[in-house]
Amino acid sequence: MAVLPVRRFPDPLLKTITRPVDPNAPPVRRLIADLIDTMRHHPRCVGLAAPQVGQLLRVAVVDVTGHPKAEQSHGLLVLVNPRLTARDGLRMQREGCLSVPDLTGNVSRAVRVHVEAWDGSGARWTRRLEGFEAVAVQHELDHLDGTLFLDRVVNARTDVFRRQRYA
Ligand SMILES: [Zn+2]
């Protein structure tokens with residue numbers, strides 16, 4: 001397990017679509033452990049996706065526990081080959097990203113999602129998520145398709161903000 005360097009915009013890997021993995025493969029388990037270590041290394045970081053550490057694979061982790069915006073949390077979510085099977089509602093809120101450390105932006109996301117994925121032990125799980133936790137999952141799933149929050153901002157002039165500090 002290791003804390004890995006995080007790639008930053010405009011690294012081309014962040015714009016690349018990832019490929020599905022075998023949830024039981026030992027390298028995938030190692031990658032999950034490294035993603036968790038790297039996420040926890042950065043204060044207030046609530047999610048990290050494999051392309052951010054240079055791996056073009058459909059693996060991400062989310063944990064919004066303790067974040068002031070989190071209305072609820074299911075703890076650590078390991079997202080292997082995840083997909084959204086339902087979504088509803090729409091809300092705009094401010095997002096940031098370790099790979100875009102100097103900016104934040106207003107992004108519209110579904111309020112509630114139903115997510116289906118595999119976990120770190122190769123078991124399939126499904127869960128209904130809402131609020132900040134649902135936003136975090138949508139943000140990480142975007143990374144797996146080469147999409148950054150900057151790509152979802154409607155107006156780059158009025159909805160992107162320079163960050164004072166990363167917190
Ligand atoms: Zn991000």
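Helices (H or I, at least four residues) and strands (E, at least two) are DSSP runs here, numbered from the N terminus. Two strands count as paired if DSSP finds at least two bridges between them. Glu 116 lies in E6, where this residue also stands opposite Arg 83.

This is a predicted model, in which local features need pLDDT of at least 70 and side-chain atom pairs count only at pLDDT 80 or more, while totals for chains, interfaces and linings use all residues. Residues are numbered from 1 along each chain as its sequence is written.

## Strands E3, E6 and E7

E6 covers residues 112–118 and pairs with E3 (residues 77–88) in the antiparallel sense, over six bridges. Seven bridges join E6 to E7 (residues 124–130), and these two strands also run antiparallel.

What do E6 and E7 form together? They make a hairpin with five residues between them, and Gly 122 in the turn has a positive phi of about 85°.

## The open sheet E4-E5-E8

Three strands, in the order E4-E5-E8, form an open sheet with antiparallel pairing. Its edge strands are E4 (91–95) and E8 (160–162), each pairing on one side only. From one strand to the next, the twist averages 25° (axes are lines fitted to C-alpha atoms, for helices over the stretch in contact, and angles run from 0 to 180 degrees between N-to-C directions).

E5 (residues 103–109) pairs with E8 over three bridges, in the antiparallel sense. Thr 104 has Phe 161 in E8 as its bridge partner.
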